[in-house]
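Please examine the structure shown below together with its sequence.

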Amino acid sequence: MLVRLKFLTAGESHGQGLMGILDGLPAGLEIDEAYIRTQLVRRQRGHGRGNRMKIEKDFAEIWSGVRHGKTLGSPVGLLLKNRDWQNWAKKMSVEPAKEGVKKVTLPRPGHADLAGIQKFGFDDIRNVLERSSARETAMRVALGSICRKLLEETGIHVGSRVVQIHDVVDKTPPAVGMTPSKINEIADASPVRCLESNVSDAMVKIIDKAKEAGDSVGGLFEVIACGLPYGLGAYTQWDRKLHARISALMMSVNAFKGIEIGGGFGSSAKFGSEVHDEIGWNEQSYLRYSNNAGGIEGGISNAQPIVLRMAMKPIPTLIKPLRSIDIHSKKPKEAHKERTDSCAVPAASVIAESMLCFALADAMLEKFGGDSMEQLHAHIDASGMY
Ligand code: EPS
């Protein structure tokens, strides 16, 4: 569902590392490894992460497409090495294994394990779990941060905050006019990325409780983008609609099970008069008295903030595993245990920001075009409506 940009990732969770290519960027965008690293650090944090995140110091090296600090218009290639690789070199060797490597034979309910072995005909679940792992989202965040940089240069900022972990809810709406950068500043200072400190403590407790019980918890988070012009996306064809494009990118993250745009599911129990955002004029531009549409009407950005809510399921790898069947013996057994996180909702909110960055950078380039940042800026100056 990307029009101008293309991105691909490759790599296994415990392989040598992750690779990523982002193609279609204009030339002249300033980017460096330190900027990308800032976003990768945000993804690694959050109460409830397991020991792996203490081992990894995710850092994406820029291998191509950038010269003297600026993009060249050619594909940007990134390489993110797994520091844990040395402990997995035998289990994950590219060459045929010299000695026997124990196969994983106990599919975890909720992971891709069972459907994956059935699909490919594997007799070792590791062949599935290594690629279906959410480790891959590290590269999405790295590539997405380049899109974030492009958006920032055009005045668009993306942020997020956690609103619920398990049954603990942060009911505070972000103060009107709070920028995504401010939201991130407060959220990033919380161990669970929520705005309200009392709720933050309760969320930490529920994660600890789940962890003690060998269990995991999911949650909800809000993703916000401000500074958009009118006209990203189009109502003219199904696959050009902005909300469809954003949803496709978001729902490509394994653990994301639901998306709400603006008022979302809550709108269905309200009258139209309560839902739709009335229009005013301030002598210079149109204004809206509310933003229940979440910044998108008819599949087009309407210059209001884009507001999304995402639901994440609890992580399926459990320290106290659920019932399963050994795929070799067909005997009942507990599911496979793998080092895991008890909660990754804070990290997921950062991943969702990155997915939104892909969608919005792509829609900006689709609408305004240009082979260089200079041309993109000139086109925005000439025809951007705010
Ligand atoms: C990881 C995400 C998780 C972990 C992975 C690191 O993804 P999933 O549960 O989908 O496999 O598995 O690795 C570990 C926790 C580990 O101990 O190796 C991530 O976000 O980087």
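In this predicted model, the ligand sits in the largest pocket. The residues that surround the ligand are Ser13, His14, Arg43, Arg49, Arg52, Met53, His111, Ser133, Ala134, Arg135 and Arg339. By residue class, this shell comprises 5 charged, 4 polar and 2 nonpolar members.

For Arg135, an N or O atom of the side chain is 3.0 Å from a ligand oxygen. A polar atom in the side chain of Arg49 lies 3.3 Å from an oxygen atom of the ligand. In the case of His111, the separation between a side-chain N or O atom and a ligand oxygen is 3.4 Å. On its own, the ligand has 460 Å² of accessible area, and the protein covers 92% of that area.

Attention may now pass to the aromatic residues. Across the whole structure, a search finds 4 aromatic pairs. One of these involves Phe7 and Phe358, whose ring centres are 4.0 Å apart. The planes of these two rings meet at 10 degrees, and because planes under 30 degrees apart count as stacked, the pair is assigned to that class. Phe7 belongs to strand β1 (residues 6-10), whereas Phe358 belongs to helix α10 (residues 345-368); the pair therefore ties together parts that are 351 residues apart in sequence.

Key. Residues are numbered from 1 along each chain as its sequence is written. This is a predicted model: local features need pLDDT of at least 70, side-chain atom pairs count only at pLDDT 80 or more; totals for chains, interfaces and linings use all residues. Side-chain values use heavy atoms; hydrogens and water are left out. A residue is near a molecule or strand if one of its heavy atoms lies within 4 Å of it. A polar contact is a pair of N or O atoms within 3.5 Å; within protein, one must be able to donate a hydrogen and the other to accept it, and residues adjacent in sequence count only if both atoms are side-chain atoms. Accessible areas come from the Shrake-Rupley method with a 1.4 Å probe; for residues, only the protein chains shown count as cover. On a 1 Å grid over the protein atoms alone, a cavity is a set of points where a 1.4 Å probe fits but cannot get out, and a pocket is an open set with protein on both sides within 12 Å along at least five of seven lines; lining residues have an atom within 4 Å of a point. A molecule sits in a cavity or pocket if more than half of its atoms lie within 2 Å of its grid points. Ala, Val, Leu, Ile, Met, Phe, Trp, Tyr, Cys and Pro count as nonpolar, Asp, Glu, Lys and Arg as charged, and the others, Gly among them, as polar. Rings of Phe, Tyr and Trp (its six-membered ring) pair if their centres lie within 6.5 Å; planes under 30 degrees apart count as stacked, over 60 as edge-to-face and the rest as tilted. Helices (H or I, at least four residues) and strands (E, at least two) are DSSP runs, numbered from the N terminus.
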